[in-house]
Amino acid sequence: MKAAGSLQKQLVYGLTLGIVVLWVVATALSGLIVQNRLDDAFDDAMQGAAQRILPLAVMDILNREEPLTQQRVAPLNALPGQVAYLVRDREGTILLQSRDADLTVFGPPTMQGFSTTPTHRVYGASALRDTLFLQVAEPLSYRRKAARDATFALLLPLLLLVPASLLGVWLFVRFSLRSVRSYRRAVEARGVGDLSPIQTAPLPLEIRPSADAVNNLIDRLRRALETERRFTANSAHELRTPLAAALAQVQRLRHEAADGPVKERAAQIEASLRELARLAEKLMQLAKAEGGSVLAEVPQDLAMLLNHVVGDLQRVATVPIQLTLPPDGPVLSPIDADAFAILARNLIENALKHGAPGRPINVELTTDARLSVVNAGDVLDPAELAQLTERFVRGSGRAPGYGLGLAIVSTVATAARAELKLASPATDRADGFQASVQFPVAGM
Amino acid sequence: MRVLLIEDNADLGQAVREQIGDDGHAVDWVQTLAHAQLAIGSTAYDLLLLDLMLPDGRGIDFLRRLRSAADRTPVIILTAMDQLSDRIAGLNAGADDYLVKPFDLSELSARVAAVARRYSGNPNPRLQLGELSIDLTDRSIQREGEAIALTAREWALLEAFLQRPGALLSKSQLEERLYEFGAEIESNAVEVHVSHLRKKLGFNVVDTVRGMGYRLGRLEQP
């Protein structure tokens, strides 16, 4: 299907073209009517001229001493244009003619009334019981010029009015579609995870049902996602207590069992349960990250939150975690506390998992809300680096993990309008891996 | 120590009670907040292990009531709620520590010991008592490089004295710390454990105050 262009452009061009065509047609019709009326007027004038010339000519001819001699008279000033006339008898002998009369344009002498030759309009009248015939001829070019002038006079305003109507139509269409444009801007401006209804100025009647349908769809989508998210979060959450019970029981079993196959079996079950617990945790984090509840209404102090997360991880960390916080006061950002904790936790866990053994991990938060986690280790190649944030992609040949962790980080960062950058080697180092996240700063 | 465990999941409660019991603490286990309230009213506990979601209410409300009644008993929250905001809310409500389910029993033991140390006013897990070097973290005790093995009850008894150096502890107070509700206590149980301690650590490790009770002996402090 060919993509439809801009409605605004279409309307402007369509309306203007329509107006111009109608205008031209109207002008052409007016031109024809004007020409018709002009012809009538000219004919009336010719007829009137003939009526005035005829008695004078008759008198002139009757008073001649030598009848039937041709005589030329000067054209009458009263006649408009370049009217020529000719008086002949029944046999065609010219009795009287205007000075510039061209005999070829008049046609047969006895012809009466109006007739048209290729170049002239001719009017004939008779007198003295059809013994004298007067013919008046006027060149058509004279009439055509008059018609042309009249038509041009009609067209002249059009040259000004077409651009004016173009501008007028454009302004009007633009004005009429302003709510549609603001709707478009509202749709374009929304973030990936934003599933709130689209609110704009009242839309035109024709578009309102579509906009309502879109909002309806968004609402259904939001509810479906929310249900799914709640289900995932609840199942992960509900899993924890029975998992804790099973893990505790199996640890007691390991503790009580004598060395041998039972103890080994118990250790295997314990490992499986731990894996299950880890998965439940990741599912819950993923649900949180994708649920869209990642932005906080009240700005949160990232420094305080990061301190908690690092404090928590330091208990289980096998290498030192060096935390650097800005010395002066809190770092406020409009991100949900739990979402930030999930992000920070995943980054640090990744660093713990993939960093070179025995080398410390550096966690730094700057005053402008930039979190950076650096671990030592081999340099990753750029292709691998680019793939890391995809779900279930792991760094090849490395420790397990990098599966969901960075995908969760990336999802949270996107939803929180934060920018995630991965680099290897780390900044100002020859080795290692650095993940940095620039969070939005509160009030900016 | 005398520990009150408030946890409604039977399997988890049982395992936790065994674990803490093995560490030498006396554990009372209740499954509702109402029972917890009763237990607290009748016994002086050294530590509460509190689940947050219980059949008859939220553990965090229970904790707030406890703190607003000026009860300073150490509390470790055990919960399935793993979000940082939950943890911060728990700590703000007055918890001393927060353990997210599922957890390792060994980690629980370590946290219990850490909280106990903090409350005894001596956060250092290594103590020197006369010729004895005591490490409360891994429950080892040495005299001039030679390890001495204690049973869980003996450890619990020693810890009770170490936590309140110089304080006089009655026989019933010691029984309360060593045995949970319903445990069968032989009438001379405390005397037996004290005599074992003296045999292993030296006679003057525990002083007897006739008719009153016992206290930590005046071993020479280096």
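Visitor: Is Ser115(A) buried or exposed?
Guide: This is a predicted model, where local features need pLDDT of at least 70, side-chain atom pairs count only at pLDDT 80 or more, and totals for chains, interfaces and linings use all residues. Residues are numbered from 1 along each chain as its sequence is written, chains are lettered from A and ligands numbered from 1 in the order written, and side-chain values use heavy atoms, without hydrogens and water. Ser115(A) has a relative accessible area of 17%. Buried means under 20%, exposed over 50%, partly exposed in between (1.4 Å probe, protein chains only), so Ser115(A) is buried.

Visitor: Which residues does Ser115(A) touch?
Guide: Ser115(A) sits in strand E4 (residues 113–116) of chain A; strands (E, at least two residues) and helices (H or I, at least four) are DSSP runs, numbered from the N terminus. Leave out residues up to four places away in sequence, and its contacts (heavy atoms within 4.5 Å) are His120(A), Arg121(A) and Val122(A).

Visitor: Why does Leu17(A) count as exposed?
Guide: Leu17(A) belongs to helix H1 (residues 7–62) of chain A. Leu17(A) counts as exposed because its relative accessibility is 57%.

Visitor: What share of the residues in chain A is buried?
Guide: Chain A has nine helices and 13 strands. Of its contacts with a separation of 6 or more, 63% join residues 24 or more positions apart. Among its 444 residues, the buried share is 38%.

Visitor: Which residues of chain A lose the most area to chain B?
Guide: The contact takes 29 residues from chain A and 27 residues from chain B. About 2,300 Å² is buried between them, 54% of it from carbon and sulfur atoms; buried area is the accessible area (1.4 Å probe) that two parts lose on being put together, summed over both. Three residues give 24% of what the chain A side buries: Arg240(A), Arg252(A) and Asp338(A).

Visitor: What does Asp312(A) meet in a salt bridge?
Guide: Chain A and chain B share six salt bridges, each a side-chain nitrogen of Lys or Arg within 4 Å of a carboxyl oxygen of Asp or Glu. At 2.7 Å, N to O, the side chain of Asp312(A) meets that of Arg87(B).

Visitor: Which element gives the most to the side of chain A that touches chain B?
Guide: The elements that give two or more residues to this side are helix H4 (208–256), helix H5 (261–290), helix H6 (302–314) and helix H7 (337–354) of chain A. With 13 residues, the top contributor is H4(A).
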